[in-house]
Every structure is written in structure tokens, then in C-alpha cells.
Amino acid sequence: MERRIIEWDQGWNSIQEGIMNIKWRIAEGLPENQVNAPVYVDIYTTIYNMCIQKPPHDYAQQFYDKYQKTFEEHLTSTVLPSLKAKHDEFLLQEFVKSWADHKVMLRWMSRAFSYLDRYFVAQRRLPGLKEAAIICYRNLVYQEVNANVREAAIRLIDEERKGGEIDRALLKNVIDIFVEIGVGQMDAYEKDFEGYMLNDTRDYYSRRASRWMLEDSYTSYMLKAEACLRRERDIVSHYLHPRSEQKLVAIVEHELLVFYKTQLTEKKHSDSGSSTFPGDDNVEYLSRKIAANRIL
């Protein structure tokens, strides 16, 4: 007995109901394990049956296009407007939430449409379902808001440098998105975040160093430099990518120590009280680094 043909409109309308159910559960913040498994099974079964039908009723290409279109419509109609309405730390919180929700939706949608990944995508050499969903987010959301997100994140970093209390966990989650959006590559993190963050770091310490050189004794300046270097390594350990540490420390050392090497040497000789100042071991350690050119 020949299988009954499922026409496109009939099948897609049924699948849309299931997708709306998943989107509603995600929007309500329900745990991922509470997304109804039968909903996923119904979607998968319908897609499978409609993809193995004989031409012209094999709808694999249409499903691949609809998979992408579903993400595109949701991101442009719901996610992006919500992000554009937020600023500063509220923007960062919404950015993290939107990416987390997107990954949940991605997981359920890619499971439901997984027949395409196993057969159609491989045959046509198209981006896999997970990659296609990330590309949608990157092109439609990330590209629109990453500059504002970066600026808000850098403001928080500078706030911590000034001694303020910040939400480090939030900042780590934000910066992790710059890494994850690259799908295994670091280009987004380096181009869209790290480069700007390093430039801000350079400007920040250039301003501080010029003021400290006028105001502080040699010992006081060197203790501040040592504290800054320790803090920057702490910043890396809490929320920056580890590969940023060497670049970050090199900039701080240059702005605080290398650039003022001659002035610091002169200041040391004129500062008769430096040898008895508390913390003198740290001061002498940095002094030796300058003298040996180890930070150049």
C-alpha cells in the first residue's frame, strides 16, 4: 500500500505549531528539559516523512530554507528590538540572555530537523544546522549590537580598574559570546573586542602614568605599577580569554615602565626614602626588570 502524500501546506502548518510551542517555552524561561519531547518527535517524524516522498513532493530544500527563515524571523522581530532598547549593563544582561535562549532554540530545532543534517546537508555541502543558526544570529543580531556591547563591557573593565565593584560573571558571559560566535575561530573576539579593549587599556594607563609621574615618589609609583600588573592578570583570570594575558600585560608594562624608563631611573636616584618603604621587595623587582630591559 502506497504511503499517503503529505502536501507542503498541511505538513508545514503542523510543524509551525510545534515550533511555536518550543518558542513559547523558551520565552517563558522554562528549563530546557521541560520542552515537551512529543512536540520534538512529531516535528521530526513529519519532516522525515515529507523528505523521503518521491519528487515533486520531497521537501528537504524547503525545510532547510524554513529552518533558517524561522530563526531569521524570530531574531529580527523579537530579539533585536529588545536588545536595541537596552543600554549599558542592561544591554549586557539582555545580550547574554538572547544568546542563551538562541542556543536552547538551536538545540531543539537542530534535533527536530536532524534528518536534514544526516542526508540533505551533507549531499549539498551546505552549512550544518547548528552552524546555519549561529550564522543567522551573527549576521542579524551580533553584527548590529556588538559595538554597543563592546563599549559597555570595556566601561565595566575600566570601572573595576578604578576600584569599583562589577558583575564579573556577567562580563565573562558577554566575552565568551565573542569567542563562541566565531564557531571555532578567534577572529570575532580579536577583531570585535580584544583590539578595542587593548587600545582602551593603553589609553587608560597612559593617562594614569602621566599623572603619577608628576605626583608620586619613585617607590609610590612602582608600587602602583606592581598593583596594576597584578590586577590585569586577575582580570584575565576572571573574564578575559587567556590568550589576551600576554598582550595586556605587555601594554601595561610599556605604558607604566618602559615609556618612563629614563624618568623612573632619575626619580629613583632622587628618592632617598625608597629603600625603607614598605613593599620594597616588589619595588626592587620591578626596578631590576627595567634595568635589565626584561620588559622591553
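Trainee: What makes the largest pocket a pocket, and what is its volume?
Mentor: About 270 Å³ in this predicted model. On a 1 Å grid over the protein atoms alone, a pocket is an open set of points with protein on both sides within 12 Å along at least five of seven lines. The volume is the space filled by probe spheres set on those points.

Trainee: Which residues lie nearest the centre of the largest pocket?
Mentor: His 74, Thr 78, Val 79, Lys 97 and Asp 101, out of 15 lining residues; lining means an atom within 4 Å of a point. α1 (8–27), α3 (60–84) and α4 each give two or more residues.

Trainee: Why are α2 and α4 called oblique?
Mentor: Their axes, lines fitted to C-alpha atoms over the stretch in contact, cross at roughly 40 degrees and come within 8 Å. Angles under 35 degrees count as roughly parallel, over 145 as roughly antiparallel, 65 to 115 as roughly perpendicular and the rest as oblique. So α2 and α4 are oblique to each other.

Trainee: How do you know that Arg 161 and Asp 158 form a salt bridge?
Mentor: Their closest N and O atoms are 3.0 Å apart, and the rule asks for a side-chain nitrogen of Lys or Arg within 4 Å of a carboxyl oxygen of Asp or Glu. Arg 161 and Asp 158 are 3 residues apart in α6 (residues 129–161), so about one helical turn separates them. The count by this rule is 17 salt bridges.

Trainee: What are the ground rules here?
Mentor: Residues are numbered from 1 along each chain as its sequence is written, and side-chain values use heavy atoms, leaving out hydrogens and water. Local features need pLDDT of at least 70, side-chain atom pairs count only at pLDDT 80 or more, and totals for chains, interfaces and linings use all residues.

Key. Axes fitted to C-alpha atoms, helices over the stretch in contact; angles between N-to-C directions. Helix = DSSP H or I, 4+ residues; strand = E, 2+ residues; numbered from the N terminus. 1 Å grid on protein atoms, 1.4 Å probe; cavity = no way out; pocket = protein on both sides within 12 Å on 5 of 7 lines; lining within 4 Å.
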